[in-house]
Amino acid sequence: LSERNTVTQATICIPSNRPLETALEPLWSAINYARDRDMKVVISDNSGDPIKREYFAAAPGHVTYIADAPEEAAANLMSALSAADTEFVLILGDDDYISASTSGSPIDFSALPAEVIGVKPRIELWGKIRGLYHVDDFEIEAEDAAGRIVEYNRKIRQSNSTYYSFFRRDVLTDIYGLFVAHHPMTAGYSDWAIVYALVAAGRVVHDPAVTIRYDNSRWEDSETAVKALEDLYDVAGLPVEARIYGLLFHYLDAYVLLLRQSSTLPLLDRYKAAYAVTLVFLKRLLFRAEQIPSNFTPESDLVALLKAAVEAEDPDLDAIFHIAGLIADRLKPGLKAGYDRYLVTSVRGPDSP
């Protein structure tokens, strides 16, 4: 192997759908950063912009440009991941910026112990109205999977920005591939479940020597956030009233991914993590139902069953998942069967009957 191949341990994967004019500066921030840190870049482009295609035909050698990428967002992201061959990968949007910080030396990916699943940059949340308004720079340090889920839930504040971290490619691709191929909906909010599955798989360390400026304009005020959430649910085929059940859908998605057959966690640890994510999401959902019961009236009978199951002295995880699926089915008929198939596929493998 050449010297470059032995040291290039990370790839910045960018699913891109913006025209060249608006994506050029963010894309070059990734290209320049990767050049300086001896990394690679994959741009999977579904914009259909002929100017952009011609421009990147002459991309630098460390850049792979995929024209005519899949139109669907999740498939486009999978296209970018599939073209990477390094130990670590970073998902980045084509409106986000990455740069080197002045804080210390960058982390050597090759020196990280196996129990470290991710490297989290200094992540700045930026909006068109407020400018820079929050910085995420925490680590996930607990020794066991359930502890890491609880720790992540405690430390997150403004967003799920940890999604934009360097993760081990095999684990991220395994999780994301299962979601893309078998999830019962096209769910743009599933990044939450994906990150919970990742932090369950291992520790996340912080690298202050790299900064990502994440464009969080869609979520920086209540009006735009409501519109963004409605758009995500609309694409997933969910009715507007399903918005109040966002925590339920996060639970369903995370539960399935945590119990996947391909997980390297021992089986007992998978179930402990699944129980932790049950409490993280459903306890909050049930609290909201107690505070404003009128919002949950159409499904009040099932919410009562869910409350009893979650708060039971010896909780039955299968029963909780079953009841949650019944609630989802009320919101969109067929979801119960879809999530049951998703779980079976995850636990038993894609060839299961």
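Axes are lines fitted to C-alpha atoms, for helices over the stretch in contact, and angles between N-to-C directions run from 0 to 180 degrees. In this predicted model, helix 6 and helix 13 pack at an angle of about 145°, while helix 7 and helix 9 cross at roughly 35°. The largest nonpolar core has 117 residues.

**Helix 6 and helix 13**
- Helix 6 spans residues 169–182 and helix 13 spans residues 335–348, and their axes lie 11 Å apart.
- On the helix 6 side, Leu 178, Phe 179 and His 182 take part, meeting Tyr 342, Thr 345 and Ser 346 of helix 13.
- This contact of helix 6 with helix 13 comprises 3 nonpolar and 3 polar residues, with no charged residues.

**Helix 7 and helix 9**
- The axes of helix 7 (residues 191–201) and helix 9 (residues 246–258) come within 8 Å.
- Their crossing, that of helix 7 and helix 9, is right-handed.
- Helix 7 contributes Trp 192, Ala 193, Ile 194, Tyr 196, Ala 197 and Ala 200, and helix 9 contributes His 250, Asp 253, Ala 254, Leu 257 and Leu 258.
- By class, the contact of helix 7 with helix 9 holds 9 nonpolar residues, 1 polar and 1 charged.

**Nonpolar core**
- Ile 12, Leu 248, Phe 249 and Leu 306 have the most contacts inside the largest nonpolar core.
- Leaving aside residues up to four places away in sequence, Phe 249 touches Met 185, Tyr 189, Tyr 233, Leu 238, Ala 242, Ala 328, Leu 331, Leu 335 and Tyr 339.
- In soluble globular proteins, nonpolar side chains tend to be buried together.

Terms used: Residues are numbered from 1 along each chain as its sequence is written. This is a predicted model: local features need pLDDT of at least 70, side-chain atom pairs count only at pLDDT 80 or more; totals for chains, interfaces and linings use all residues. Side-chain values use heavy atoms; hydrogens and water are left out. Helices (H or I, at least four residues) and strands (E, at least two) are DSSP runs, numbered from the N terminus. Contact means heavy atoms within 4.5 Å. Ala, Val, Leu, Ile, Met, Phe, Trp, Tyr, Cys and Pro count as nonpolar, Asp, Glu, Lys and Arg as charged, and the others, Gly among them, as polar. A crossing is left-handed if the near helix is turned anticlockwise from the far one by less than a right angle, and right-handed if clockwise. A nonpolar core is a set of buried Ala, Val, Leu, Ile, Met, Phe, Trp, Tyr and Cys residues joined through side-chain atoms within 4.5 Å. Buried means under 20% relative accessible area, exposed over 50%, partly exposed in between (1.4 Å probe, protein chains only).
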